[in-house]
Amino acid sequence: MKMLAINGSPRSNGHTARALDTFLAEAEAKGYDVERIDLVDLNFSDCKGCRSCKTEGSCIIDDDMSSLYDKIADTDHLILGSPIYMGSETGIFNCFIDRLYAFLQYKEGGGFNSRLPADKSATAILVCGSPDGHIIYHYLTNRFTSILKGLLGIEDFSAFIIPGTNRLDDVRESVTFKQNIPAFIERL
Ligand SMILES: Cc1cc2nc3c(=O)[nH]c(=O)nc-3n(C[C@H](O)[C@H](O)[C@H](O)COP(=O)(O)O)c2cc1C
């Protein structure tokens, strides 16, 4: 079984990386092959909106997303992590999310079907500085549920926010983090 974590923070050793690494360590202990990819290390462009993915079956932009598409399709569990910047995800993470449009194909009569294998599970982890962030930014968990579950068809999906991150240790001490770890392990 494979687990792929995508880090949307521009910081490779920040709070988001720490949260993702903790989840990956739990998965590794359960026998998963784990990998973390920091988007900041990749070279990829914005979605051009050309819709070639709808006619060609895949994105025609030749950049580092090409191999990432394969890894996402191949993984059993996908973890997406981003810090909250100005009430949303980071710019680089938003660019990555837009590029997931390539996994959608037009459905007859309107809407989309997902090209991703249906048996995948996923988790989104959003990290923020505000101590009330899990309440204030709840709309972001709805946003990622509509993308991962609604559009990409990943039924086994869970999202949560880690608020109040000022020191690196705050991540593991966070109540929402501690609450979500056992539920995550149970899903593996
Ligand atoms: C440009 C910028 C914008 C931010 N905007 C918010 C925000 O709107 N709300 C919030 O609670 N925290 C905000 N933060 C704090 C980060 O979400 C927080 O420090 C997070 O832990 C950073 O994750 P990282 O260490 O993985 O980079 C912002 C930080 C930066 C640098």
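How many of the six residues of strand β1 are buried? Select residues 2-7 to find out. Five of the six are buried, so strand β1 is largely enclosed by the rest of the structure. Buried means that 20 or more other C-beta atoms lie within 10 Å of the residue's own; exposed means 12 or fewer, and partly exposed falls in between, with C-beta atoms placed from the backbone. Strands (E, at least two residues) and helices (H or I, at least four) are DSSP runs, numbered from the N terminus.

Before moving on, note that residues are numbered from 1 along each chain as its sequence is written. The model is predicted: local features need pLDDT of at least 70, side-chain atom pairs count only at pLDDT 80 or more, and totals for chains, interfaces and linings use all residues.

**The sheet**

Now show the strands. Five of them form an open sheet in the order β2-β1-β3-β6-β7, with parallel pairing. Two strands pair if DSSP finds at least two bridges between them. Look at the edges: β2 (33-38) and β7 (156-162) each have a single partner strand, so one side of each has no neighbour in the sheet. On average, neighbouring strands here are turned by 15° against each other, direction ignored. That angle is taken between axes, which are lines fitted to C-alpha atoms (for helices, over the stretch in contact); angles run from 0 to 180 degrees between N-to-C directions.

Six bridges join β1 and β2 in the parallel sense. Pick Leu-4, whose bridge partner in β2 is Glu-35.

Phe-160 counts as buried, because 21 C-beta neighbours lie inside 10 Å. Leaving aside neighbours within four places in sequence, Phe-160 is in contact with Ile-125, Thr-141, Thr-176 and Asn-180. Contact means C-beta atoms, placed from the backbone, within 7 Å.

**The core**

Next, select Ala-19, Ile-79, Ala-124, Ile-125 and Leu-126. Of the 44 residues in the largest nonpolar core, these touch the most other members. Such a core is a set of buried Ala, Val, Leu, Ile, Met, Phe, Trp, Tyr and Cys residues joined through C-beta atoms within 7 Å. Zoom in on Ala-124. Beyond four places in sequence, Ala-124 is in contact with Leu-80, Phe-144, Leu-148 and Ala-159.

Finish in the loops. Gly-129 is between β6 and α5 (133-136). Gly-129 is partly exposed, with 13 other C-beta atoms within 10 Å. Arg-51 has a phi near 65°, positive in a residue other than glycine. With 12 C-beta neighbours inside 10 Å, Arg-51 counts as exposed. Last stop: Met-86, between β3 (77-83) and α4 (91-99). Met-86 also has a positive phi, about 50°. Met-86 counts as exposed, with 7 C-beta neighbours inside 10 Å.

Conventions
Contact = placed C-beta atoms within 7 Å.
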